[in-house]
Amino acid sequence: MPQTAFLFPGQGAQTVGMAKDLCSSLPAAQRLFDEAGQILGYNLLDICINGPADKLNSTVISQPAIYVASLAALESLRAKEPAVEAEVVATAGLSLGEYTALAFAGALSFADGLRLVQKRGEAMQAAADATPSGMVSVLGMTQEQVEALCAKASAGGMVRVANLLCPSNIVVSGTKAGCDEVERLAPDMGAMKTIRLAVAGAFHTDIMKPADEKLATALAQCRMQAPRVPVWSNVDAQPHTDPEEIRGLLVRQVLQPVLWEQTMRNLLQGVAKFYEIGPGRVLAGLLKRVDRKIACDNVAA
């Protein structure tokens with residue numbers, strides 16, 4: 001059997017209309033959204049299907065929406081390929097997606113994971129509201145070049161590397177003024193392109209304080225057990241199975257850069273096939289930039 005890993009997307013993967021087909025054809029997916037509505041206190045599926053986009057894209061909605069939609073997509077895979085889970089030796093998720101990975105691996109129940117994601121989204125939204133900030137994807141530059149760009153742009157406002165996604169695709173986070181300066185300076189410093197991301201704030205920087213402390217409180221009160229397969233952390237690009245270690249890494253993840261490219265390179269040492277499970281195809285694209293020959297099937301939400 002091929003060694004297989006499941007990957008789960010993060011914030012930004014959401015689109016209006018997601019989960020509509022899943023829930024109309026798969027009772028297990030509909031049940032997840034029904035339970036989510038009871039936990040959250042609003043009709044999450046209606047927002048996923050009908051929007052409006054600005055509501056779905058808000059941090060407090062998009063994080064629970066991607067979590068539930070991704071686990072609904074997992075139910076679709078289970079229905080179509082029931083034997084595939086036996087091949088899974090590892091799982092990882094991009095930022096928010098790490099919670100989905102933990103739920104898949106049995107470290108968190110669906111309900112507990114959703115409550116954590118809800119509190120995480122609320123805390124990060126509050127931190128973003130407190131400081132006008134954002135994120136910019138910088139294409140065509142090395143990590144060293146992007147760090148030099150951030151150092152120069154910081155004269156206008158704080159900005160730093162936040163997501164190391166794949167070769168020549170690095171996301172920076174900072175104050176609005178810092179992001180503006182990155183966009184102004186990047187072309188002359190060698191960037192092919194910059195893209196301002198549709199997110200509420202400077203995720204994975206100190207601007208997210210005190211969201212990490214609020215999340216730490218929520219995690220301390222949450223039941224967590226050892227996952228049945230190792231869950232790879234965004235913080236150190238390493239596999240983890242100890243619940244206390246995982247709790248600490250999830251708190252650190254709020255403020256620290258996402259080491260996605262290194263996670264994929266490390267996973268490729270032992271994994272031959274990947275599944276991207278959830279809305280969008282971003283992770284498959286990033287993986288192809290690391291190793292264009294590797295197989296990555298998409299299980300759409």
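Colleague: How much of the protein chain is made up of buried residues?
Modeller: In this predicted model, buried residues account for 55% of the 301 residues in the chain.

Colleague: And what is the accessible surface?
Modeller: The accessible surface amounts to about 12,100 Å², and carbon and sulfur atoms contribute 51% of that area.

Colleague: How many helices and strands are there?
Modeller: The chain contains 13 helices and 10 strands. Its radius of gyration is 18 Å, close to the 19 Å that the globule rule gives for 301 residues, so the chain is as compact as a globular protein of that length.

Colleague: What does the C-alpha trace span along its principal axes?
Modeller: The spans are about 55 × 40 × 35 Å.

Colleague: Turning to the strands, in what order do they lie in the open sheet?
Modeller: The open sheet has 6 strands, ordered β8-β7-β2-β1-β9-β10, with mixed pairing.

Colleague: Which strands stand at the edges?
Modeller: Those are β8 (239-240) and β10 (295-299). Each has a single partner strand, so one side of each is left without a neighbour in the sheet.

Colleague: Lastly, what share of the contacts between residues at least 6 apart in sequence join residues at least 24 apart?
Modeller: The share is 74%.

Key: Residues are numbered from 1 along each chain as its sequence is written. This is a predicted model: local features need pLDDT of at least 70, side-chain atom pairs count only at pLDDT 80 or more; totals for chains, interfaces and linings use all residues. Side-chain values use heavy atoms; hydrogens and water are left out. Helices (H or I, at least four residues) and strands (E, at least two) are DSSP runs, numbered from the N terminus. The radius of gyration is taken over C-alpha atoms; the globule rule is 2.2 Å times the number of residues to the power 0.38. Buried means under 20% relative accessible area, exposed over 50%, partly exposed in between (1.4 Å probe, protein chains only). Contact means heavy atoms within 4.5 Å. Accessible areas come from the Shrake-Rupley method with a 1.4 Å probe; for residues, only the protein chains shown count as cover. Two strands pair if DSSP finds at least two bridges between them.
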